[in-house]
Amino acid sequence: MTTPWSGAALAEAIEAFAPGSTDKSHGGDVWLKPEAAFMVCEGLKSRPEFKFDLLSSVTAVDYIDHFEVVYHLTSLPKNASAVLKIRVGLGRTDAVVPSVVPIWRGADYQEREVWDLMGVRFKGHPNHKRIMLWEGFPGHPLRKDYVTYDQSIVASLAPDDGAYAAGSETAVELGTAGSQPAPGAGAEA
Amino acid sequence: MAIKTQPVTVNLGPQHPSTHGVFRLRVMFDGEEIVDVEPVFGYLHRGSEKLAEERTYTQIVTLTDRMDYVSPMLNNQAYMLAVEKLAGIEPTQRGVWLRMIAAELQRIASHLVATGFLLQDLGALGTPLIYAMRERENILDLFEMLCGARITNSYLRPGGVFMDAPTGFWLALDRELVDIVNTLDELEEYLSGNEIVFSRTKGTAVLAPELLINASITGPMLRASGVDWDLRHRNPYDYYDRIEFKRILHTASDNYARYWVRVQEARESVNIIRQCVAQIEPGPVRPSFDDVPRLIRPPKGDAYVAIEGSKGELGFYLVSDGGIAPYRMHVRAPSLINLTLLRDMLIGGLFGDLFVSFGSVDLNMGEVDR
Amino acid sequence: MDPAFLDNSLWRNIYCNLAGDSAGCAAREYSAGMLPTGMEWLAFALAAAAIIGLFVNGVLGGVIVLIWGERRLFGRFQTRTGPNRWGPFGLLTPVADAIKTMFKEDVVPKDADRILFNLAPVMIAAPALLVFSVIPFGVGTYVADLNVGVLFIMAVTSLTTLAVLTAAWSSGNRIAILSAFRSVALLISYEIPMALALVGVIMLAGSMSLGQIIGAQSIPFILVQPLAVFVFFIAAMAEMARAPFDLTEAESELAAGYLNDYASMKFGIFFLAEFMAEISTSAIITVLFLSGWRGWEPVPSHLWFGAKLILVLFVIIWFRMTLPRLRIDQVLKLAWKGLFELTLINIIVTAVLIAIWPEPTTTRLWIMAAVNWPVAIISIWAVSKLLGTSGYDDTEPDSDAPVYPVATEQIPGSAVHISGVTGPDTQARISSPANSHIEQGGN
């Protein structure tokens, strides 16, 4: 059975080698300060009491007023797991966390994915590019305030203005007259 | 006299017969030798994680089917375990056994696909692939008996499965388990007796175990390097702690080892299914609607659950805000993460090995891009 | 009339039917030709045109049947039915395919060199057809029996690579260029063992004329020259770029290689040329090693030839269906380090045998076969040992010193379910995962 570290114990153990690097702990989670995160991760990987050599997962959650980057760590030699969290971008400011790619190469694509879809920047990432979407894609889709392309188009069209609304009216008229509403009939009108 | 050569950049994909989906590799060749590789993802990105935020917990099962579409049952299983952990649902015994049987069948199917396509990448014109796919079809027939669907199963529900197996299923399963072993024997005869397969795969794309772990690579790829790490054994979920099974290890960590580990694991899955069938007992296959309502409202919080998927550690991270839909869903996709070392595997190798090494990762574009 | 034409029944029958002055046809009953005297030149030309028409259409018909047969066989090998809808047993499927191919849009890439791009299909089809001109399909059924027939075949088949290179270069496609490089590398490597493999046959027959080589085969040379057959067959597969040597097309690597940018009937012509090469190679193997049209009466010679041809085709298709592809370095290694040596052994042994028995009679050929077979088996075994891949030394993970330290301690009897559920009688049934043993790696 993989033994999960409790948040309190992990925070205590982290504080022992990196004083002042944790924010708080709750349940199984420890919140790190972004500026100390890299140093703590290095210690978690190399120090004999942790040996977290496998970075299971990196992801981020948009909590409206801030972002939370979540790391799930696994230790093969100790068969233990831990959860680290970093709060960034408070007040929806620019969210930046240090990249852990120099420590765990497995973070490479995952951090790129977080940047692409959530818009959290990873400082020091060797190839900080979008991964799923193309460069120049507007916005980061997994953010809660993201407006999809079609929604933004619909929103930009006022109900009494433009071909979109006029077209639908024409189609209704043609339909009531008994004839088949032809596709593109609105454009002709 | 040294000949001055100029490297050539070639785009392999997005439309290419061997990219296992829609995927692009920008490869720089010096003659036949690979100088540089840059993978380009995202051609199959459907925003499953965003879509999940708009669906109830039960509806999301259908999204997980479409992630790794060669092992939907395992995706269902990982997702349901995460939901159960998040909402504190107790699964029924029979439901757990049934989903373990389904998951192990799916693992065999997925490994068969991986093996067949690896041989296809090696240049065998379809024959071994069709032998492997024929057996997978029979497994899909079993799924059809279980839930009426072959690929997009959506078989699992919070706390168990959608419905009990029909009476004919058990007989068909017994027959199928014998057939699977025969097919694996056939494939292995092809594999171990064939000089071309052996010379093509031995010693290619060798990766050190430390490197694999550092790059978060799990599953058969890791076990092929000799690291004894299987979540079914290390962190037994469902009833894997009641099952006795061998962990398949190989130390070569090359394409052959990965291939070999998959075939042996499929064999071992047959053994696991037999034990499941021996231990399953009658009972309800999922909790009543009084215990688990259709609309689940898990308490606020988050949960991460990882299972041993067919490709590696398949994890689901769910965040609940107390509503009927997850606030955030994240999939730890082994297909994507196992590609981290693609450059290390390919650079310096020959063009002929490119898709063999790529195929030995056993990736699925539906899961890479999600 | 050139006496060389006189035993060529194909030519003589057409010419003599047409020509008014039938000097060359005196022995035949239809000495009065259709054309008036003095029009022999027209008869000559018409006969030539008729033979060209006959051969081209015959070969194309053969290709159609071969495509059908190959696809049916693929179906059998892969436990499916194959094409069986259009026509009896699906025989008309290739016809439907051909019609479809003709009516497709002819796309020429923007970056293509148009002249060369359009020329390449012609360049590949011409040599593929030209090979058939020296092949005797039965008694007296051939276009020309050149006294350098074997050399002619070697020369003409090499032209195919030129067409491939032209096609790849003119399409302005990098993947195609990679394919053409491979094609040239294959040609340079395999032309040598292929030619050297034929030296033994030529020495035994004492001639390069295919007719005389058939004449010399009182027993098929496959029995007398096993090494030559082995090498020639492999080299011919490589020259044709058929699996396991289909590096130029390598579907899983290069998509379609040099054919990537071809569409419509231009693609169709490449496709036809590929199958023509398959037929011509089988025909050459039949002539050189399976004693061509020779057989026992009363079965006509053409049927003997056809049966042997189909047998060789079957073996080629069988290989193609079964084996995965070799890598380019392995392919070249096989040619230079393996087949080349085998041909040299074959030449030396055959030369010694001919020095001992200069005029090979049937009995002497049997003795040569008795000597050659052990030589062939031993040398092929030795080469396979030298070039083959050795197995793994040791794949057993050492349980005392694992490659990577992984936790060994287990919570015994732990049955804690992930969501906190414990089964009713877990303790009784539990088999601790720590007890399950580790399977060792094979090979």
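Colleague: Why is B:Phe29 called buried?

Modeller: A residue is buried if 20 or more other C-beta atoms lie within 10 Å of its own, exposed if 12 or fewer, and partly exposed in between, with C-beta atoms placed from the backbone. B:Phe29 has 22 other C-beta atoms within 10 Å, so B:Phe29 is buried. One caution first. This is a predicted model, where local features need pLDDT of at least 70, side-chain atom pairs count only at pLDDT 80 or more, and totals for chains, interfaces and linings use all residues. Residues are numbered from 1 along each chain as its sequence is written, while chains are lettered from A and ligands numbered from 1 in the order in which they are written.

Colleague: Which residues does B:Phe29 touch?

Modeller: Two residues are in contact if their C-beta atoms, placed from the backbone, lie within 7 Å. Leaving out residues up to four places away in sequence, B:Phe29 touches B:Pro7, B:Val8, B:Val10, B:Ile34, B:Val35, B:Phe351 and C:Leu178. B:Phe29 sits in strand S2 (residues 24-30) of chain B. Helices (H or I, at least four residues) and strands (E, at least two) are DSSP runs, numbered from the N terminus.

Colleague: What makes B:Ala114 count as buried?

Modeller: B:Ala114 has 28 C-beta neighbours inside 10 Å, so B:Ala114 counts as buried. B:Ala114 lies in helix H4 of chain B. Its contacts, not counting residues up to four places away in sequence, are B:Arg262 and B:Asp362.

Colleague: Which residues have the most contacts inside the largest nonpolar core?

Modeller: They are B:Ala82, C:Ile135, C:Phe232 and C:Ala235, in a core of 271 residues. A nonpolar core is a set of buried Ala, Val, Leu, Ile, Met, Phe, Trp, Tyr and Cys residues joined through C-beta atoms within 7 Å. Helix H4 (residues 93-121) of chain B gives this core its largest share, 16 residues. Domain 1 (1-103) and domain 2 (122-384) of chain C each give at least three. Those domain bounds come from an automatic or database domain assignment. C:Ala235 touches C:Tyr190, C:Pro193, C:Met194, C:Ala197 and C:Leu339, not counting residues up to four places away in sequence. In soluble globular proteins, nonpolar side chains tend to be buried together.

Colleague: How many residues of domain 1 of chain C are in contact with domain 2 of chain C?

Modeller: 21 residues of domain 1 of chain C meet 19 residues of domain 2 of chain C. H2(C) gives the most to that side of domain 1, with 13 residues. By class, the domain 1 side has 15 nonpolar, four polar and two charged residues. Here Ala, Val, Leu, Ile, Met, Phe, Trp, Tyr, Cys and Pro count as nonpolar, Asp, Glu, Lys and Arg as charged, and the others, Gly among them, as polar. The centres of the two domains, taken over C-alpha atoms, are 23 Å apart.

Colleague: How many residues does the contact take from chain C and from chain B?

Modeller: Chain C supplies 52 residues and chain B supplies 67. The chain C side has 24 nonpolar, 18 polar and 10 charged residues.

Colleague: How do you know what span is expected of helix H5 (residues 149-170) of chain C?

Modeller: The expected span of a helix is 1.5 Å times one less than its number of residues. H5(C) has 22 residues and reaches 32 Å from its first C-alpha to its last, close to the 32 Å expected. Just after H5(C), C:Gly172 takes a positive phi of about 60°.

Colleague: Why is strand S5 (residues 67-75) of chain A called mostly covered?

Modeller: Nine of its nine residues are buried. In a regular strand the side chains alternate between the two faces of the sheet. Both faces of S5(A) are covered, with A:Phe67, A:Val69, A:Tyr71, A:Leu73 and A:Ser75 buried on one side and A:Glu68, A:Val70, A:His72 and A:Thr74 buried on the other.

Colleague: How many bridges join strand S4 (residues 54-62) of chain A to S5(A)?

Modeller: Two strands pair if DSSP finds at least two bridges between them. S4(A) and S5(A) have eight and run antiparallel, so they pair. A:Ala60 has A:Val69 as its bridge partner in S5(A). On S6(A), A:Val69 stands opposite A:Ile86. S5(A) and strand S6 (residues 80-88) of chain A are antiparallel too, over nine bridges.
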